[in-house]
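Q: I'm new to this one. Can you walk me through it?

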Amino acid sequence: MFLASSTKEIDSNLSSLAAQIEQQNPGLSVLAARQFRFAIRQTPLEVAVSEPREFNVLEEFILRAGVEFEPAPTLKELADLLGLDEIFVKTAAATLASLESLEVANNGKIAIAPLGKDFFEKGAVSRSQIQSIYAISDPLNQTLTFKFDALAAESVNLPDLADLVSLEHKISDLADLTIAEIQPLIQASGLGIHVPENGKIVSECDVVGDDLEIWQTVSIFVLLDAIENKTTIQARQGKQILETASNFLNELESQQKLALNDLCKLPEDVISQEPEIIPTPKTRKPTSKKKRKETEPGNK
């Protein structure tokens, strides 16, 4: 048994998808389908990415001298020993010092740094570069992801979902996170800049600009399950079902923190009382559990 189409509140640009849902799932009726906007937060960041590279011959010799020579030599002594102009030795030593592998005193005497011993044993030094990325905080899907490219800010003329639902960001302030907390989030985003098994490490992360709100569009469907005689809320972007967002909205509705009447723009008696109904065609077969799982909230 289904609601007559005259009692439904379905945005015109969602009518085709609503019809498709009903056609593919005879046990479901789309009671309402509306589009809303909600704001995600974009934060510009700069991260320092360290990755290993093999020593060049001169760097390896300088580190070996710092580890094995007693007393430690000066840069001039190393240059004389190698028959090189001192400037080449100074340049290589400066590179090692910038990588916190070598310490050079004012008189030119070298000393191996603790990190330099580790590099020497591994046969590679770590080089670092600065990379610009963006953190994207989505309060509806409760995600914090990272991207190389900024999202474009666009004007979206739709009702604001935040007027009906309290949307809170999973992370309130990125600056409060430690690098250890940020590293797995960057790794999960698949940027390829934090891959510890390959020696590639994000060692620093700094917020370098103001947060920017970016509008997103979400489609909210209210589905009537004729078999179980209950309504559920389903959030979608395009044809993709947003499982976390759907579960979040259904939980709010069960806690009476979200009213279906406000969400659907339907009269109170349409949801709370027996509405006008039309018979389900006899040729329709009962909905299989497998089919309903593909469209019910929390399933794909």
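Q: Is Q142 buried, partly exposed or exposed?
A: Q142 is partly exposed, because its relative accessible area is 32%. Buried means under 20% relative accessible area, exposed over 50%, and partly exposed in between (1.4 Å probe, protein chains only).

Q: Where is Q142, and what is its phi near?
A: Q142 is in the loop between β6 (124–138) and β7 (143–147). Its phi is near 55°, a positive value in a residue other than glycine. Helices (H or I, at least four residues) and strands (E, at least two) are DSSP runs, numbered from the N terminus.

Q: And N229: where is that, and what is its phi near?
A: N229 is in the loop between β9 (212–225) and β10 (230–237). Phi of N229 is near 55°, again a positive value in a residue other than glycine. N229 counts as exposed because its relative accessible area is 67%.

Q: Where do these numbers come from?
A: This is a predicted model: local features need pLDDT of at least 70, side-chain atom pairs count only at pLDDT 80 or more, and totals for chains, interfaces and linings use all residues. Residues are numbered from 1 along each chain as its sequence is written, and side-chain values use heavy atoms, with hydrogens and water left out.

Q: What is the mean pLDDT?
A: The protein chain has a mean pLDDT of 85, and 86% of its residues reach 70 or more. pLDDT is the predictor's confidence in each residue, from 0 to 100. Over residues 1–6 the pLDDT is below 50. Residues 272–300 also stay under 50. Where pLDDT is low, the predicted coordinates should not be read in detail.

Q: How many helices and strands are there?
A: The protein chain has 10 helices and 12 strands. Of its 300 residues, 40% count as buried.

Q: Which residues have the most contacts inside the largest nonpolar core?
A: They are L161, V218, I220 and L263, in a core of 24 residues. A nonpolar core is a set of buried Ala, Val, Leu, Ile, Met, Phe, Trp, Tyr and Cys residues joined through side-chain atoms within 4.5 Å. Elements giving two or more residues to this core are β3 (28–54), β9, β10, α7 (243–254) and α8 (260–264). β3 gives the most, with 5 residues. Apart from this core lies another, of 19 residues, among them L78, V89, L102 and I112.

Q: What does L161 contact beyond its neighbours within four places in sequence?
A: L161 is in contact with F36, R37, F38, L140, V218 and L263. Contact means heavy atoms within 4.5 Å.

Q: Back to β3. Is S50 buried or exposed?
A: S50 is in strand β3. It counts as buried because its relative accessible area is 14%. Leaving aside neighbours within four places in sequence, its contacts include S126, G199 and I201.

Q: Now the surface. Which residues form the nonpolar patch?
A: F69, L81, L82, L84, I87 and F88 form it, with about 540 Å² of accessible area together. Patches are made of residues with over 30% relative accessible area and no salt bridge: like charges are joined within 9 Å, nonpolar side chains (Val, Leu, Ile, Met, Phe, Trp, Tyr) within 5 Å. Accessible areas come from the Shrake-Rupley method with a 1.4 Å probe; for residues, only the protein chains shown count as cover. α3 (75–82) and α4 (86–98) each supply at least two residues of the patch.

Q: How many salt bridges are there?
A: A search of the whole structure finds 7. A salt bridge is a side-chain nitrogen of Lys or Arg within 4 Å of a carboxyl oxygen of Asp or Glu. E68 pairs with R64, the closest N and O atoms being 3.0 Å apart.

Q: Why are E68 and R64 separated by about one helical turn?
A: Because they are 4 residues apart in helix α2. K76 and D80 also meet in a salt bridge, at 3.1 Å from N to O.

Q: Which peptide bond is cis?
A: The one from E70 to P71, with omega near 0°. P71 lies in the loop between α2 (57–68) and α3.
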